[in-house]
Protein chains: 2
Amino acid sequence: MTKKAPTIKDVARKSGTSTATVSYVFSEKDRYIRPELRERVLQAAEELGYVKNAVASSLKGNPRGILAVIIPQFSNNFFTDICAEIESVAQKAGFVVIICNTDDSVEQEEKIVKRLVSQKIDGCIICPALSTSKNIKTLDIHNIPYVVLERDLEGETPDFDFVGHDNFQSGYLATKTLLDAGHRNIAFLGWTTPIANLRDRLSGYKAALDEAGIAVNDDWILLDNLSEDAGKRMAARLPVDKVTAMVLAHHYYMAKGTLLGLQKRALRYPEDLSIVLIGTPEWRDLVHPSLTCIKRPEKEMGRAAASVLLKKVKKPLYREKRHVFPVEFMTGLSVRDMPG
Amino acid sequence: MTKKAPTIKDVARKSGTSTATVSYVFSEKDRYIRPELRERVLQAAEELGYVKNAVASSLKGNPRGILAVIIPQFSNNFFTDICAEIESVAQKAGFVVIICNTDDSVEQEEKIVKRLVSQKIDGCIICPALSTSKNIKTLDIHNIPYVVLERDLEGETPDFDFVGHDNFQSGYLATKTLLDAGHRNIAFLGWTTPIANLRDRLSGYKAALDEAGIAVNDDWILLDNLSEDAGKRMAARLPVDKVTAMVLAHHYYMAKGTLLGLQKRALRYPEDLSIVLIGTPEWRDLVHPSLTCIKRPEKEMGRAAASVLLKKVKKPLYREKRHVFPVEFMTGLSVRDMPG
DNA sequence: ATGAAAGCGCTAACAT
DNA sequence: ATGTTAGCGCTTTCAT
């Protein structure tokens with residue numbers, strides 16, 4: 001026997017006033033209302049269990065109270081950490097947040113973006129599937145404020161606000177760490193993807209080698225798809241007779257696979273092979289020896305993305321500078337100093 | 001110069017027909033419309049970039065297309081795994097999902113629930129903060145279909161749909177595993193909480209001991225708050241001269257802390273201490289030796305919660321049975337057979 | 001087969 | 001200081 005939710009009209013009737021008055025009582029607008037009347041309205045609302053219908057309110061042009069974030073992988077802690085931060089900032093500002101996973105599929109993303117447009121969300125943080133800009137354009141057309149997260153858009157695209165981190169630097173720093181420890185033959189393990197992030201990390205790797213006057217050996221750059229098994233495969237293929245160190249530039253579950261693959265070959269780190277990992281999985285200091293890592297700024301990114309978006313929601317023409325956060329070196333025990 | 005989004009009216013004008021016709025073209029309702037006209041409408045909509053406004057539509061009583069899930073911890077993989085599954089199921093059914101984190105605070109939850117009510121969401125999956133039913137009642141009052149996740153409600157509460165897993169069994173199974181390996185003096189590490197889950201695990205532990213004719217020693221039941229540091233503290237307090245095994249019944253980061261604390265005391269498992277962990281952190285098979293675990297049914301729970309909710313959204317009076325999923329034993333190398 | 005128009009719950013300009 | 005009312009974009013009954 002689902003009775004209907006009480007509306008402003010019910011409250012008006014019960015408190016013997018008009019809907020306008022009730023509306024004003026529940027809005028931030030300052031229209032003076034006799035304390036006595038205001039009290040009566042509040043009382044009636046309380047008794048009826050009235051809650052303002054944000055849906056109807058937004059039809060009149062008021063903010064919806066909903067933000068969205070679109071990510072390519074739900075199961076990647078890098079993204080969930082960012083989302084957690086976004087949700088936290090949004091919550092404090094009175095918004096709820098819709099989280100959507102595209103599985104890095106442009107088609108899936110297209111459906112999702114349409115749905116969000118249809119829902120008239122106030123704004124959106126999007127890490128574009130495969131770095132494509134197609135669905136971003138939909139957001140543009142419908143005037144939904146958005147912030148692009150982590151992946152730069154390829155090709156001709158509108159001006160956009162961006163929050164990301166320095167992938168070049170992470171590749172560079174990881175490689176430099178190994179070079180400084182005296183390594184010369186350094187492998188780079190990544191994944192196959194059209195997005196720039198991995199490419200940037202690889203550029204950082206190459207730049208560091210270059211700076212040290214070392215030629216890049218393409219055989220030591222291993223790429224595979226995103227999975228734990230791929231990590232295992234790469235560990236199996238690793239030319240450990242030539243290489244003394246490696247940069248793990250891929251995802252946590254690939255990295256996990258790589259470590260397991262190493263175990264399987266009875267290879268030990270740092271004795272047989274030094275390792276620097278880009279990223280900070282929960283287990284970085286639990287494995288033994290602990291891993292030397294490059295920490296990415298998940299929280300900072302989440303916080304920045306959310307606050308930039310909130311500003312844009314308030315002022316649609318608001319433009320922020322690009323936020324590209326630096327990474328941070330985290331010491332560990334997986335790098336061995338080379339003798340000599 | 002943000003031009004307004006095109007509405008049904010614009011499409012009607014452009015295609016020279018009425019708003020009613022356009023509405024029918026974009027609805028599932030079957031009203032016959034001349035193919036020629038239908039085509040013209042579609043054409044106009046396409047050109048204008050028209051997307052139906054779900055907000056206005058829902059004002060007329062149509063489903064909103066939004067579900068919500070309320071969890072007490074965003075950073076806990078147990079919950080994010082469940083959420084990932086919920087999102088996936090919801091997405092296939094055409095819904096987007098709002099994810100809210102309460103930090104296990106009843107006050108925060110209250111705000112969130114009010115917001116969701118105000119947003120007129122179609123339904124909600126809630127893991128109630130501290131197992132309290134107060135905010136659930138708000139959902140009831142406003143006729144929002146909901147499914148209670150993982151934590152049973154305490155006290156007098158309305159009839160509700162529930163999806164969870166067998167916490168008693170996980171405590172029992174973990175303990176039984178150690179008993180079967182010949183252990184007699186088994187510690188139980190948990191956290192301080194009013195919710196039933198930990199209590200149930202503890203009951204399972206006690207039941208297993210009881211069954212084996214072993215008295216419970218309260219000194220071996222260690223509880224602390226939810227943090228990695230608390231895990232370290234418990235490891236430090238552990239009476240390893242008396243105890244030969246332990247059940248880790250707490251969260252991943254506590255478990256991590258406990259393992260780190262063990263390392264600090266130079267205690268090795270399973271030699272010095274056998275371990276069974278409730279839960280399956282990503283690192284369970286990465287640490288060495290790999291951990292013997294009790295796997296909880298995150299995916300099944302997520303999937304069940306989402307599908308039950310979707311059924312309730314369709315049919316508000318729909319009632320499902322309680323879903324309490326079993327846990328699963330996962331073999332590892334952290335349990336040593338006791339001699340004798 | 002299609003269109004006119006009332007109305008969902010709210011806001012705000014306007015009237016009193 | 002408060003009430004009346006048009007209208008946000010859509011759905012749907014009723015008329016044609």
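This is a predicted model: local features need pLDDT of at least 70, side-chain atom pairs count only at pLDDT 80 or more; totals for chains, interfaces and linings use all residues.

**A close look at one loop**

Modeller: K120(B) counts as partly exposed, at 25% relative accessibility. Where is K120(B) placed in chain B? K120(B) sits in the loop between helix 6 (106-118) and strand 3 (123-126). Its backbone stands out. Phi of K120(B) is positive, about 55 degrees, although the residue is not a glycine. Most residues other than glycine have a negative phi.

Q119(A) lies in the loop between helix 6 (106-118) and strand 3 (123-126) of that chain. Is Q119(A) buried or exposed? Q119(A) is buried, because its relative accessible area is 5% and the cut-off for buried is under 20%. What does Q119(A) touch, beyond its neighbours within four places in sequence? In chain A, Q119(A) is in contact with R64(A). In chain B, Q119(A) is in contact with A54(B), V55(B), R64(B), G65(B) and I66(B). So the contacts of Q119(A) reach residues of both chains, by heavy atoms within 4.5 Å.

N143(B) is found between helix 7 (134-141) and strand 4 (146-149). Its phi is near 55 degrees, a positive value in a residue other than glycine. N143(B) is partly exposed, with a relative accessible area of 32%.

Next comes a peptide bond. From H288(A) to P289(A) the bond is cis, with omega near 0 degrees. P289(A) belongs to the loop between strand 9 (274-278) and strand 10 (292-295) of chain A. Chain B has a cis bond from H288(B) to P289(B), again with omega near 0 degrees. P289(B) lies in the loop between strand 9 (274-278) and strand 10 (292-295) of chain B. Most peptide bonds are trans.

From loops, turn to a strand. I186(A) is part of strand 6 (residues 186-191) of chain A. I186(A) counts as buried, at 1% relative accessibility. Apart from neighbours within four places in sequence, I186(A) is in contact with several residues, among them L178(A), L179(A), Y205(A), W220(A) and M246(A).

Step back to chain A as a whole. Its secondary structure comes to twelve helices and twelve strands. Chain A is more spread out than a compact globule, because its radius of gyration is 26 Å, well over the 20 Å that the globule rule gives for 340 residues. The C-alpha trace spans about 90 × 40 × 35 Å along its principal axes. Buried residues make up 56% of the 340 residues. Among contacts in chain A with a separation of 6 or more, 68% join residues 24 or more positions apart.

According to the unreviewed UniProt entry, residues 6-61 are annotated as "domain: HTH lacI-type". That span is 61% helix and 0% strand, and its end C-alpha atoms lie 22 Å apart.

Last, the surface and the charges. Chain A has an accessible surface of about 14800 Å², and 52% of it belongs to carbon and sulfur atoms. There are 47 positive and 43 negative side chains in chain A. The centres of these two sets lie 7 Å apart.

How values were computed. Residues are numbered from 1 along each chain as its sequence is written. Chains are lettered from A and ligands numbered from 1 in the order in which they are written. Side-chain values use heavy atoms; hydrogens and water are left out. UniProt positions are given in the numbering used here, feature names are shortened, and annotations may be inferred rather than shown by experiment. Helices (H or I, at least four residues) and strands (E, at least two) are DSSP runs, numbered from the N terminus. The radius of gyration is taken over C-alpha atoms; the globule rule is 2.2 Å times the number of residues to the power 0.38. Buried means under 20% relative accessible area, exposed over 50%, partly exposed in between (1.4 Å probe, protein chains only). Accessible areas come from the Shrake-Rupley method with a 1.4 Å probe; for residues, only the protein chains shown count as cover. Lys and Arg count as positive and Asp and Glu as negative; His and the chain ends are not counted. The place of a charge is taken as NZ of Lys, CZ of Arg, CG of Asp or CD of Glu.
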